[in-house]
Amino acid sequence: MVRFFLASALAVLPALSLQAEVRSVRLVRQGAGLSGGRLEAGVTVRADGLHAERNAAYVSPPLDAGLAFSAIGPHWKAAPGAEIEIAVSADGLTWGRWIPAPSEETIDSLREDGTSRLFGGDALGPLVFVSPDSRWVRYRVRLPTRADGEPSLSRIVFHLIDPGEDEAEGPPAIDGTARDARETREPDRSEAPAPRRARAPAPEEPEPVSAAPRPSILSRSAWGARAPKYAYSYTRAGHVGIHHTASVDDFAAPTRAECAGRLRAIQAFHMDTNGWNDIGYAWVVCRHGDVFQGREDDDDTTDVQGAHDGFNRGSTGLALLGYFHPPYDQRPTEEQLSALVDLIAWISGLRGIDPAGRSLYEAFGAEVDNVYGHREVKETSCPGDHLFARKELLRAAALEKLLVGAL
Ligand SMILES: [Zn+2]
Ligand SMILES: [Zn+2]
């Protein structure tokens with residue numbers, strides 16, 4: 001594989017986010033610790049949590065995180081149907097609006113290495129991005145009654161993340177020169193040496209359908225990724241899963257530097273709340289159409305096994321940064337969709353995948369479209385209605401790109 005080291009490119013990207021320091025803190029409220037705040041009539045606090053005798057609301061007291069944060073990853077243990085909203089404040093006095101945090105899925109009870117998780121089974125909310133001067137959080141819960149005598153809410157946890165600042169002005173906005181710079185493949189100086197490979201013997205490799213060009217990809221060091229916790233496992237992708245990050249963009253990221261911060265926060269959420277080895281997705285595309293290298297290395301002949309759809313073996317996961325589903329209803333940008341098509345076409349060409357076809361996804365145990373939405377293999381709204389609606393167009397566009405590449 002060719003690596004480019006262009007002096008001009010280094011001049012364009014002088015300040016990779018190597019200095020960005022991710023800090024985070026966890027606020028845990030459980031059992032009798034769920035007291036304080038405002039309880040509607042019918043809600044009582046007991047040793048095991050909040051009990052609702054009828055459908056009622058509870059508003060917590062303000063909670064001081066002790067550090068400024070710009071992302072909140074909530075999870076909780078509650079009666080099915082509990083509705084959580086969160087609000088933030090810089091000073092504990094003036095509060096932003098209530099932000100709904102719908103549960104996306106539950107936290108796996110085991111880590112990827114098979115050890116058990118403290119918070120396994122908790123309902124997992126979306127990662128919510130807020131103004132970076134936030135320091136206080138509070139929450140409001142609509143508590144359903146519970147017939148089995150169990151508490152309506154026994155625990156709520158907030159993983160509050162400060163993804164750190166990029167140096168100086170941060171990476172430049174995207175223009176022609178910066179685009180060239182993205183062609184460079186910077187070695188990951190910020191990371192531990194590449195983990196030793198635990199590579200499975202490769203099955204016979206199908207001939208590529210054709211070749212589509214490798215898209216420009218921002219390396220892990222360019223967004224300040226942490227090293228994975230342990231050695232990657234490898235697989236060979238015969239399917240490509242499409243996701244949205246389901247991160248709530250309350251405070252929109254206008255620059256590449258801020259998109260890099262989003263990636264660091266998502267990685268911290270995946271590693272420290274989900275308990276995963278690394279960020280779950282192989283690649284992430286922001287709304288500017290920039291492609292960030294996620295859980296992947298620079299060896300294009302194999303696929304790092306991700307944590308993206310609950311099966312993971314035999315597939316690779318691509319995510320678009322955003323929340324393309326109610327209640328947030330963001331829409332993928334044209335730049336984002338076009339970069340996604342480029343990625344799908346490139347991977348399909350490398351792996352001999354027909355992006356418009358359908359085949360057995362062995363780990364899932366059934367046939368599924370070769371390029372599928374997460375919801376086709378798991379109970380989830382991912383990749384969101386507004387991205388899923390574009391799936392057939394994406395598949396057709398990727399195939400066309402491959403066929404054109406074959407001419
Ligand atoms: Zn997904
Ligand atoms: Zn961006």
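Residues are numbered from 1 along each chain as the sequence is written, while chains are lettered from A and ligands numbered from 1 in written order. Because this is a predicted model, local features need pLDDT of at least 70 and side-chain atom pairs count only at pLDDT 80 or more, whereas totals for chains, interfaces and linings use all residues.

View 1. Helices (H or I, at least four residues) and strands (E, at least two) are DSSP runs, numbered from the N terminus. Of the 407 residues, 46% count as buried; that label takes 20 or more other C-beta atoms within 10 Å of a residue's own, with exposed meaning 12 or fewer, partly exposed in between, and C-beta atoms placed from the backbone. Take the contacts with a separation of 6 or more: 76% of them link residues 24 or more positions apart. A contact here is two C-beta atoms, placed from the backbone, within 7 Å.

**View 2. Strand β11 (residues 127-143) and its partners, including β5 (residues 56-59).** Two strands pair if DSSP finds at least two bridges between them. β5 runs antiparallel to β11 over four bridges, and Ala 56 sits opposite Leu 143. β6 (residues 63-78) is also antiparallel to β11, with five bridges; Asp 64 has Trp 136 as its bridge partner there. With β7 (residues 83-89), β11 makes seven antiparallel bridges, and Ala 87 faces Arg 138. β15 (residues 247-249) runs parallel to β11, joined by three bridges, with Phe 129 partnered by Asp 249.

**View 3. The open five-stranded sheet, ordered β17-β16-β19-β14-β22.** Its pairing is mixed. The edge strands are β17 (291-293) and β22 (371-373), each pairing on one side only. Neighbouring strands are turned by 25° against each other on average, direction ignored. β16 (residues 283-285) and β17 share three antiparallel bridges, and Val 285 is bridged to Val 291 in β17. Helix α5 (residues 334-351) lies across β14 (239-244), β16, β17, β19 (315-320) and β22, running at about 170° to β19. Axes are lines fitted to C-alpha atoms, for helices over the stretch in contact, with angles from 0 to 180 degrees between N-to-C directions.

**View 4. The hairpin of β20 and β21.** β20 (residues 358-361) and β21 (residues 366-369) pair antiparallel over four bridges. Ser 359 has Val 368 as its bridge partner in β21. Four residues lie between the strands, and Gly 365 in the turn has a positive phi of about 90°.

**View 5. Ser 233, in the loop between α3 (220-223) and β13 (234-235).** Ser 233 and Val 304 are 71 residues apart in sequence, yet their C-alpha atoms are 6.0 Å apart in space.
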